[in-house]
Amino acid sequence: MARSSTSAELPLQINKNSTASLPSQIAEQIRALIVSQTLAGGDSLPATRTLAARLGVSRGSVVAAYEQLAGEGYVSTGKGGTTVSVAFDSSAPPRPTSPTMPEPSPSPRVRPIPKTMPTRQFIDLRPGIPDTSQLATSAWRSAWRRTAAHPSPTHPAAGSLELQYQLAEHLRLMRSVVREPASIMVTAGARDAFRLVLSALRREIHDRPLRIAVENPGYPSLHRIPAAFDHEIMPIPVDNHGLNPAYLPAENRPDLVLVAPSHQYPLGASMPVARRLELLNWAAENDAFIVEDDYDSELRYVGDPLPALAALARDAGESAAALDRVITLGSFAKTISPGLGLGFMIAPNTLTDSLWELREDLGSPVSAMVQDAMAEFMRDGGVRRHIGRMRRLYKGRRNLLLDTLSTGDMPAWVQVLPMDGGLHVVLEFSGDYATEADERAVLEILEESGVKAAALGDYWSHAGISEKERAFGIVVGFGAASDRALQRGLLLLISALKRRS
């Protein structure tokens, strides 16, 4: 049913002292009005100049908020102005039904949101989800406009030459890794690169599957990839400094060691330089490779980002060739957006030919337009500015989280683990509450309260691991939720923990 063209008087309030940006504050409040049906399908929103004048903000802030809402499907824009999408009109005719499609397999790291989501607004505190509302800057939009105006037909399988150059500059300035652009492969993310590494190495080892040492606990989706190809997984326990090379088996040594040295997932340990050098020496002595998952090393809030293993290998001077055993996997999923589907890989000279030949055979999964837009964005300094802006925003949310959880209301059996970077914090259970049953019970209470989080116990490799060897608790993300939603969700979390006591 068509609504009045008269724009609604929106009860919006702006807090200029908030760490949340002005567009984010405006979009969040309008989104809440639509979900609560205060605004219905077909309702007109105020003109951007009118709303900007009333709120005392720039018109650009309102435009950015409207664009974000339009991208999410909450509003529609046209010559007649901006209106609430008719999908939110309860009186609108039902949409035609489509054939039932199979549900995607759930991921332990990011669980699917139930279909009841449109009628119930959850506070999303799941880990690993970044805030993409800050991305729609003029530099970002300009990069995509220029790319759309002059689209490239195709690029070499290893990636756009310009993007390879920009990635080399980015790694040099942000990660202290100096590489020739031609040695960097453009990938669709860490998982795409890891699959390529496994396939290339398997070609060289014809008589058996690969033996792959992984951190335990660790990143579940990366661990599932070698298992899917029938390779042998070797869980290695971690301590306060990450994976300890002393625990690597002497017999049936691993062919690969998969580590996240800058920010161990999910416990957050940072591997000190002495242990990094020990791991590099182990790889050289045992003719093995290290796969370095450098997924969110730039999101560090205490001190400067730690050097990548690939940088240390090159710093070894004359022995660099012997220590050049590092395969670095990088991604923009956390720093930019997982929807971009873009990452990169740096491989040792001994594997470059095999990897490039395999990529040539398989082709690149990354579109030319995505590569060109990212190259434009990086050339203009947009990536470095965006990462700096998001680091400040996430640091504020991390501090809000730690302040809220340190009020003294937390049960004594819950410990907040130190976390110097990343987009999540771990709450570990102790004593009689360190069980899978208590972990699941707290998550169920949270879900009943409208909060989504993750179980710490899901990050352990269960093969041969007893419940006593695992840790249990809640993994809380602070990337996707606004400051207000984050604080509300944390209070509900404390309440859920107290109810379980």
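This is a predicted model: local features need pLDDT of at least 70, side-chain atom pairs count only at pLDDT 80 or more; totals for chains, interfaces and linings use all residues.
Residues are numbered from 1 along each chain as its sequence is written. Local features need pLDDT of at least 70, side-chain atom pairs count only at pLDDT 80 or more, while totals for chains, interfaces and linings use all residues. Helices (DSSP H or I, at least four residues) and strands (E, at least two) are numbered from the N terminus.

**Helix 3.** At 1.5 Å a residue, the 14 residues of helix 3 (59-72) should span 20 Å, and the end C-alpha atoms are 20 Å apart, which agrees. The expected span is 1.5 Å times one less than the number of residues. Just after the helix, G73 takes a positive phi of about 90°.

**Strand pairs.** Two strands pair if DSSP finds at least two bridges between them.

| Pair | Sense | Bridges |
|---|---|---|
| Strand 5 (211-216), strand 6 (232-239) | parallel | six |
| Strand 6, strand 7 (242-243) | antiparallel | two |
| Strand 15, strand 16 (473-477) | antiparallel | two |

V214 has P235 in strand 6 as its bridge partner. The chain crosses from strand 5 through helix 7 (220-228) to strand 6; this β-α-β crossover is right-handed. That means clockwise from the first strand over the helix to the second, with the strands pointing away from the viewer. Strand 6 and strand 7 form a hairpin with two residues between them. There, V238 is partnered by L243 of strand 7.

Four strands are ordered 12-13-16-15, with antiparallel pairing. Strand 12 (414-416) and strand 15 (454-455) are the edges, each pairing on one side only. A454 stands opposite V475 in strand 16.

Note on methods
Side-chain values use heavy atoms; hydrogens and water are left out.
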